Amino acid sequence: MEYKYLKTTNEDNMRICIVPTMFPKFIGDYYGSFVYDEAKALVQMGFEVHVVTPHNQGAVYRENMEGIEVHRFRWMEPKPFRALVHFKGFLDTFRMLTYSVSLFFNLIRTTKKYKIQILHAHSVIPTGYIGSLISKLMGIPLFITAHGMDINNFEDRRLFNYFISSSLNSSHKSIAVSEDLAKKMRLLVNDENKVIVLRNGVDTHIFHPGENKKLRYKFGIKDDEILILFVGYLDTFKGIYELINSFQEISAENKNVKLLMVGGGPKKEDLLDNVIKMNLEDNVIFTGMIEHQKIHKYYQAADIFVLPSYTEGLPISVLEAMACGLPVVATNVGGIPEVITDGLGGFLVSPKSEKELIKKLNIILTNKYIRMQFVQKSLERIEDEFDFYKKIKKLASSYESFE
């Protein structure tokens with residue numbers, strides 16, 4: 001295929017259009033921050049980066065965010081905000097239709113106006129599918145990054161699998177954030193070579209070991225208390241109910257332990273009610289959403305990180321926790337076993353198993369030597385395999401291979 005806008009007649013920087021379902025509404029917003037960090041790093045490398053993303057309440061329609069040209073389009077957005085992956089029912093289906101149609105026409109306008117040379121969709125559907133239509137229509141190479149839920153949530157749904165397969169087969173490169181995800185994607189494409197693994201990375205200039213006593217004091221955490229940290233979306237699939245139930249038993253046996261829940265989501269109020277019913281309100285702290293540039297301070301204030309999700313791609317929160325020197329207890333789903341070897345950098349447990357979660361957390365809580373051992377292994381693994389800037393260089397090389 002001949003790409004209309006790939007080669008320029010002057011020394012202009014390569015022009016990339018990133019198409020995410022999630023993107024921060026403002027600098028510091030945690031929602032979609034992993035896409036923002038990637039876009040900002042590409043700007044710093046000399047690329048001209050445009051982002052076409054849905055408008056959400058509280059955001060402006062057009063702005064420059066640290067060199068990134070952000071174009072937010074109108075659609076029938078829900079109020080209050082909800083992620084696309086959690087849409088259900090007729091009204092949400094109609095919202096998704098308005099999203100897809102608006103994205104299609106806005107992408108055509110952006111690619112024409114700015115002579116875009118590379119399209120990069122984050123999520124296979126709907127952005128990857130719409131991107132595939134634009135790629136064929138405009139003659140622009142398409143990259144698609146799958147993050148996990150866009151594949152895992154639709155494995156048993158034939159209609160969605162058709163759109164996923166069509167999107168991946170239309171892409172020029174399909175990026176998986178884990179080998180586990182890549183295996184699933186290769187089953188859906190005609191040419192396995194177009195599926196590559198580019199694992200998430202973490203910026204160790206920001207995420208590194210430290211002692212944030214100021215933040216501990218803010219939440220009333222004493223020096224001799226052990227703080228367990230959860231960072232994520234407060235919804236059922238993140239294993240939050242199993243975590244609270246497990247913590248009830250753990251705290252009954254260990255009086256010097258507290259749990260910090262960082263994040264927002266649809267189950268927050270219900271979770272708060274459960275905590276009150278269990279008489280845990282003095283030991284479980286909810287912070288709400290935290291600005292992305294401050295989140296490292298919460299890892300540095302904690303002693304243990306836990307993520308009991310039912311499904312994942314390769315969660316950045318696990319990498320951030322490891323880079324900050326925290327032992328991790330997480331479920332053996334998605335790409336997590338590719339990061340943590342059970343019993344070396346942390347513990348792996350089965351999803352929905354409160355019994356395993358209690359057992360492994362108690363081991364770390366009561367054995368300081370194991371905590372120290374896990375920390376050392378985690379730091380070594382991050383440095384060797386999950387450096388953010390190494391990942392960006394690989395991505396940039398993939399883009400430039402189409403020049």
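This tour visits charged, aromatic and nonpolar sites of a predicted model in turn.

The model is predicted, so local features are given where pLDDT is at least 70 and side-chain atom pairs where pLDDT is 80 or more, while totals for chains, interfaces and linings use all residues. Residues are numbered from 1 along each chain as its sequence is written, and side-chain values use heavy atoms, with hydrogens and water left out.

**Salt bridges**

The structure holds 13 salt bridges, each defined as a side-chain nitrogen of Lys or Arg within 4 Å of a carboxyl oxygen of Asp or Glu. Select Asp-180 and Lys-184, whose closest N and O atoms are 3.9 Å apart in a salt bridge. Both residues lie in helix 6 (residues 179–186), 4 residues apart, about one turn of the helix. Helices here are DSSP runs of H or I with at least four residues, strands are runs of E with at least two, and both are numbered from the N terminus. Asp-180 is partly exposed at 26% relative accessibility, and Lys-184 is partly exposed at 23%. For relative accessible area, buried means under 20%, exposed over 50% and partly exposed in between, with a 1.4 Å probe and protein chains only.

Next, select Arg-186 and Glu-179, which form a salt bridge with the closest N and O atoms 2.7 Å apart. Arg-186 counts as partly exposed at 22%, as does Glu-179 at 26%.

Then move to Arg-199 and Glu-338, a salt bridge in which the closest N and O atoms are 3.0 Å apart. Arg-199 lies in the loop between strand 8 (195–197) and helix 7, and Glu-338 lies in helix 12 (residues 336–339), so the pair ties together parts that are 139 residues apart in sequence. Arg-199 is partly exposed at 29% relative accessibility, whereas Glu-338 counts as buried at 16%.

**Aromatic pairs**

The structure holds 14 aromatic pairs. Rings of Phe, Tyr and Trp (its six-membered ring) pair if their centres lie within 6.5 Å; planes under 30 degrees apart count as stacked, over 60 as edge-to-face and the rest as tilted. Select Phe-73 and Tyr-99, an edge-to-face pair at 5.5 Å centre to centre, with 65 degrees between the planes. This pair links distant parts of the chain, with Phe-73 in strand 4 (residues 68–73) and Tyr-99 in helix 2 (residues 89–114), 26 residues apart. Phe-73 is buried at 2% relative accessible area, and Tyr-99 is buried at 0%.

Tyr-162 and Phe-163 come next, an edge-to-face pair with 5.3 Å between centres and 70 degrees between planes. Phe-163 counts as partly exposed at 28% relative accessibility. To finish with the rings, select Phe-47, Phe-143 and Tyr-399, which form one aromatic cluster.

**Surface patches**

Patches are made of residues with over 30% relative accessible area and no salt bridge; like charges are joined within 9 Å, and nonpolar side chains (Val, Leu, Ile, Met, Phe, Trp, Tyr) within 5 Å. Select Met-76, Phe-90, Leu-91, Phe-94, Leu-97, Val-101 and Phe-105, a nonpolar surface patch with about 710 Å² of accessible area together. Accessible areas come from the Shrake-Rupley method with a 1.4 Å probe. Met-76 sits in the loop between strand 4 and helix 2 and is partly exposed at 32%.

Lys-214 lies in helix 7 (residues 213–218) and is exposed, with a relative accessible area of 73%.
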